[in-house]
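Subject: Structure for your review

Dear colleague,

Please find below the structure that I am handing over to you. My findings follow directly after it.

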Amino acid sequence: MNVYFDHAATTATSAAAREAALRAMEKCWGNPSSLHAAGRRAAQRLDEARQSVARCLGASPAELYFTSGGTESDNWAITQCARMGAQEGKCHLITSAFEHHAVLHTMERLEREGFEVTYLPVHEDGLVRVEELERAIRPDTALVSLMYANNEIGTIQPVTELGAVCRAHGVLFHTDAVQAVGHLPIDVRAQNIDLLSLSGHKFHAPKGVGALYCRRGVKLGRFIEGGGQERGKRAGTENLSGICGMAAALEESVDHMEENDRKVTELRDALIQGVLARIPGTRLNGDQTRRLPGNANFCFDGVEGESLLLRLDMAGICASSGSACTSGSLSASHVLLALGVDKQTALGSLRLTLDAENTVDEVNYVLETLPGIVSSLREMRTGW
Ligand code: PLP
């Protein structure tokens with residue numbers, strides 16, 4: 001059996017997204033900036049896609065900028081908010097220790113440029129605390145950037161409350177919602193969000209396309225120099241087919257969100273309970289319920305995540321691990337370390353991320369296969 005349980009890494013492009021992208025390539029291949037009929041047709045499709053993505057977020061179309069994906073949106077939002085803050089003498093930024101590297105590495109670069117960054121602690125349940133954010137905000141804080149849902153352990157932050165604290169203190173609030181958009185209901189206004197990053201390939205759109213929401217009134221500077229596309233804020237001829245595919249995929253995800261989330265949550269819970277019951281020496285990472293419907297993340301004592309992945313792959317199961325092999329040695333997931341998991345335990349992590357396409361049979365197959373692989377890897381290691 002072949003099982004794909006790595007939907008947090010990427011998802012298959014849906015039929016609706018493929019069809020919309022193809023239609024754009026066939027019928028609207030003009031440059032949206034051209035004044036002639038072919039250009040106008042493309043510009044109209046671009047407008048329609050913008051309206052549809054905006055509607056799914058509770059935003060207005062004028063607040064949306066199309067980008068190449070989550071990484072670009074995060075870099076843009078954080079870098080330009082920091083620059084705006086610096087112009088007013090505000091050089092302090094707040095984030096958390098378990099953000100995606102698109103956020104963390106941008107923060108590190110800004111630190112090297114002289115900004116001061118506070119990294120909020122993440123508690124054992126995989127969540128930051130609203131009170132701790134409030135205590136960390138200073139008169140010179142320019143931006144708070146906290147992710148909506150974590151890409152490794154799936155925990156969902158109290159975004160509305162975090163945004164409310166920022167709003168009360170007059171500080172801009174950016175959220176990396178790459179793992180949340182298309183999977184959780186989002187309303188940028190009701191949730192006090194000033195800037196939000198999203199990426200199409202996490203909800204069945206093609207790769208290399210995403211968006212940045214920026215609330216009206218936030219005077220975000222340009223990130224890429226060039227032409228006047230995206231109302232002069234993001235230069236470069238628009239990836240129209242990708243954008244149309246993304247809009248179709250998002251509409252479809254939002255339309256079916258409730259039923260999909262119910263189904264995926266049931267599969268996830270069966271998987272979590274089955275793994276914990278069948279494999280001793282296992283820990284579930286992150287809060288049991290305040291996590292993305294499709295996310296299960298475990299650590300197995302006495303097992304290396306990479307070996308586990310290879311064995312699962314041989315059994316036809318696509319999964320992922322927080323640990324990575326860099327220059328010949330294994331490095332533990334910064335997310336698990338931020339939660340206080342010790343390095344040895346963190347090296348034995350496994351992320352299984354499900355989607356509405358998955359089935360009970362696939363969950364059962366993983367539950368039948370995984371215990372044997374974990375015990376054989378443990379037997380191969382001394383001390384187990
Ligand atoms: N932020 C989070 C939370 C992610 O999970 C990812 C991708 O895995 C990104 C940002 C980067 O998005 P993209 O792959 O579109 O650059």
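In what follows, buried means under 20% relative accessible area, exposed over 50%, and partly exposed in between, with a 1.4 Å probe and protein chains only. Helices (H or I, at least four residues) and strands (E, at least two) are DSSP runs, numbered from the N terminus. This is a predicted model, in which local features need pLDDT of at least 70 and side-chain atom pairs count only at pLDDT 80 or more, while totals for chains, interfaces and linings use all residues. Residues are numbered from 1 along each chain as its sequence is written, and side-chain values use heavy atoms, with hydrogens and water left out.

I begin with helix α4. The buried residues of this helix are A102, V103, L104, T106, M107 and L110. They pack against α3 (70-87), β3 (92-96), β4 (116-120), β5 (141-145), β6 (172-176) and α11 (334-338), where contact means heavy atoms within 4.5 Å. Just after α4, G114 takes a positive phi of about 115°.

I turn next to the ligand. There are 13 residues around the ligand, and T71, D176, Q179, S199 and K202 come nearest; a residue counts as near if one of its heavy atoms lies within 4 Å. α3 gives the most to this shell, with three residues. A polar side-chain atom of D176 lies 2.6 Å from a nitrogen atom of the ligand, and one of Q179 lies 2.8 Å from an oxygen atom of the ligand. A polar contact here is a pair of N or O atoms within 3.5 Å. Of the 390 Å² of accessible area that the ligand has on its own, the protein covers 85%, by the Shrake-Rupley method with a 1.4 Å probe.

Two loop residues also deserve mention. N192, in the loop between β6 and β7 (195-199), has a positive phi near 60° although it is not a glycine. N192 is buried, with a relative accessible area of 16%. H204, in the loop between β7 and β8 (210-214), likewise has a positive phi, near 75°, in a residue other than glycine. H204 is buried, at 12% relative accessible area.

With kind regards

Key:
A polar contact is a pair of N or O atoms within 3.5 Å; within protein, one must be able to donate a hydrogen and the other to accept it, and residues adjacent in sequence count only if both atoms are side-chain atoms.
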